[in-house]
Amino acid sequence: MGTGTGIIALFLALAKENIKDFKSKIIASDISENALKCAKLNEKHNNLSNEITFIKSNLFASFPNSYKNSFSVIIFNPPYLPSISNTDYSDNHNNINENNDLTWDGGKQGFNIILKFLNQSKFYIKRSKRSHIYYITSSKTDLDLFYDILDRNGYKNQIIEREHYFFEDIILNRIDSMNF
Ligand SMILES: C[S@@+](CC[C@H](N)C(=O)[O-])C[C@H]1O[C@@H](n2cnc3c(N)ncnc32)[C@H](O)[C@@H]1O
């Protein structure tokens, strides 16, 4: 989800070439047409053509019904920073332009897109002990409120890694499919 340059999908496609039992399909989606163009170019430059299915979609809105309950793993490095202006770009998807801030603007508290993503993911992740959702938050996200909302909604979140980069801690989170 939010494939951007395609880096995560490309990494998985390279892993697939080298791991015999890795047979899963790789779907890469983004709301931005330009991001998808960039990801497709990177796929070509890495000689991985036709390994990845690309979808332009606002979160899961344009995913076909057949994808429901089918993903073993869903990964999203989302826009997770709090807005710096009064304009919340995270809700402004109908009005995208080249200068928009959808790459980083997660709304007032930084978790607007993440919550929407999680609420939709539960319909697309496969119900299995081995299915997981991985996503990023930051120390700049309003984490107390965010994790409290997850608790209240019954999502059992696990923090897998936390590392400091530049101005923030980057946090890798996981929710297991059985824990929604
Ligand atoms: C922080 S960037 C991550 C890019 C890339 N996955 C990476 O890890 O480098 C966030 C990406 O999410 C995309 N995005 C933002 N809102 C989205 C939405 N509602 N649906 C799908 N993609 C979205 C942005 O266009 C951007 O490419």
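Modeller: A residue is called buried if 20 or more other C-beta atoms lie within 10 Å of its own, and exposed if 12 or fewer do. The model under discussion is a predicted one.

Biologist: Does Leu59 count as buried or exposed?
Modeller: Leu59 is found in the loop between β2 and β3 (73-76). Its phi is positive, near 50 degrees, although Leu59 is a residue other than glycine. Because Leu59 has 20 C-beta neighbours inside 10 Å, it counts as buried.

Biologist: Does Asn47 count as buried or exposed?
Modeller: Asn47 lies in the loop between α2 and β2. Asn47 is not a glycine, yet its phi is positive, at about 55 degrees. Most residues other than glycine have a negative phi. Since Asn47 has 9 C-beta neighbours inside 10 Å, it counts as exposed.

Biologist: Which residues does Ser49 touch, leaving aside those up to four places away in sequence?
Modeller: Ser49 is placed in the loop between α2 (33-45) and β2 (52-56). With 10 C-beta neighbours inside 10 Å, Ser49 counts as exposed. Once residues up to four places away in sequence are set aside, the residues that Ser49 touches are Glu43 and Lys44.

Biologist: How many Å apart in space are Ser49 and Lys116, C-alpha to C-alpha?
Modeller: In sequence, 67 residues separate Ser49 from Lys116. In space, their C-alpha to C-alpha distance is 31 Å.

Biologist: How many of the ten residues of helix α4 are buried?
Modeller: Helix α4 covers residues 143-152 and is followed by Gly154. The phi of Gly154 is positive, near 80 degrees.

Biologist: What is the radius of gyration of the protein chain?
Modeller: The protein chain contains four helices and six strands, and its C-alpha trace spans about 45 × 40 × 35 Å along the principal axes. Of its 180 residues, 28% are buried. A compact globule with 180 residues would have a radius of gyration near 16 Å, and the protein chain agrees with this, having 16 Å.

Biologist: How many residues of domain 2 are in contact with domain 1?
Modeller: The domain assignment gives domain 1 (1-57) and domain 2 (67-179). Their centres, taken over C-alpha atoms, are separated by 20 Å. The side of domain 1 that touches domain 2 has three nonpolar, three polar and no charged residues. Six residues of domain 1 take part in the contact, and from domain 2 the number is ten.

Biologist: Which residues around the ligand are the closest?
Modeller: The shell around the ligand draws at least three residues from each of domain 1 (1-57) and domain 2 (67-179). By class, its residues divide into eleven nonpolar, nine polar and one charged. Of the 21 residues that surround the ligand, the closest are Gly2, Gly4, Ile31, Ser32 and Asn77.

Terms used
Residues numbered from 1 in each chain as written. Predicted model: local features only at pLDDT ≥ 70, side-chain atom pairs only at ≥ 80, totals over all residues. Near = placed C-beta within 6 Å. Nonpolar A, V, L, I, M, F, W, Y, C, P; charged D, E, K, R; others polar. Domains from an automatic or database assignment. Helix = DSSP H or I, 4+ residues; strand = E, 2+ residues; numbered from the N terminus. Contact = placed C-beta atoms within 7 Å. Rg over C-alpha atoms; globule rule 2.2 N^0.38 Å.
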